[in-house]
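Work through these exercises with the model open. Try each task before reading its solution.

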Amino acid sequence: MNCLTSMRLCARRTNTQPLTRLSSLRAPAFPLTRPFPRMASSAFQFAEGEDTHQLARDADALLKQGWAKDGDGMGITKTFHFKSYFKAVAFVNMIAAESASKKHHPTMTVRIGSVDVHWTTHRPRGFTQKDVTMAQHCDQGAGLMGAVDPGQGLKCA
C-alpha cells in the first residue's frame, strides 16, 4: 500500500464504508507531495547586490558567537535561554520593537525559558546585512535581558 492509499484510508475511515470499497479510488492527476527539502549547503546564499566579502566576514563572526546557518544557507538561527518566561517574552518584545523600526522581521518561537530566532531576507531572497545587524541586536539585547547558558534556562517541570 502506498502513502496516498494509506492517507485515503485514514481520511475516509470516518465514514462507515467497508475498506474493500476504497480500493477503487484513483490517484489524482497532480502530485500531493512536495519535493524533498534541499540539503544544507556549505556556504551562505547571499542576496543579490550585497557586498559578499564583508557579509562573509560578518557571518563568520556571528557563527563564532553561537549563531548557526539555517538549512538552506539563506539565513541564521540561534536559541536564547532565560531563567523565566517573563524574560523570554521581554526579549521577544525587544526584538519586535527594533524589527518594526527597521522593517525587517524574524521568525521566532517562544518556549517557557527560551526563544528561537531566525533571520533571513525575503526580498531580495538570501542572507543580507539586515540579517547581520538584527542578529547583533539580538545578542546585545540578550545580554541586557539576562540570557543564560542552555542548562540554566527555565524548563517545564
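**Exercise 1. Find what covers the buried residues of helix H2, and which residues those are.**

Step 1. The cover includes strand S2 (75-81) and helix H4 (129-145). Helices (H or I, at least four residues) and strands (E, at least two) are DSSP runs, numbered from the N terminus. This is a predicted model, in which local features need pLDDT of at least 70 and side-chain atom pairs count only at pLDDT 80 or more, while totals for chains, interfaces and linings use all residues. Residues are numbered from 1 along each chain as its sequence is written, and side-chain values use heavy atoms, with hydrogens and water left out.

Step 2. List the buried residues of H2: Leu55, Asp58, Ala59 and Leu62. Buried means under 20% relative accessible area, exposed over 50%, partly exposed in between (1.4 Å probe, protein chains only).

Step 3. Look down the axis of H2. Its buried residues fall within an arc of 105 degrees, so they line one face of the helix. The arc is taken from the directions from the helix axis to the C-beta atoms.

Step 4. Turn to the face pointing away from the buried side. His53, Arg57 and Lys64 are the exposed residues there.

**Exercise 2. Check the span of H2 against its number of residues.**

Step 1. H2 covers residues 52-64, which is 13 residues. The expected span is 1.5 Å times one less than the number of residues.

Step 2. That rule gives 18 Å for H2, and the end C-alpha atoms are 18 Å apart, so the two agree.

Step 3. Gly66 follows H2 and has a positive phi, near 100 degrees.

**Exercise 3. Describe how helix H3 packs on H4.**

Step 1. Two packed helices are described by the angle between their axes and the distance between the axes.

Step 2. The axes of H3 (residues 85-102) and H4 come within 10 Å and cross at roughly 145 degrees. Axes are lines fitted to C-alpha atoms, for helices over the stretch in contact, and angles run from 0 to 180 degrees between N-to-C directions.

Step 3. Name the contact residues. H3 supplies Lys87, Ala90, Phe91, Met94, Ile95, Glu98, Ser99 and Lys102, and H4 supplies Met134, His137, Cys138, Gly141, Ala142 and Met145.

Step 4. Sort them by type. The contact has eight nonpolar, three polar and three charged residues. Ala, Val, Leu, Ile, Met, Phe, Trp, Tyr, Cys and Pro count as nonpolar, Asp, Glu, Lys and Arg as charged, and the others, Gly among them, as polar.

Notes. Contact means heavy atoms within 4.5 Å.
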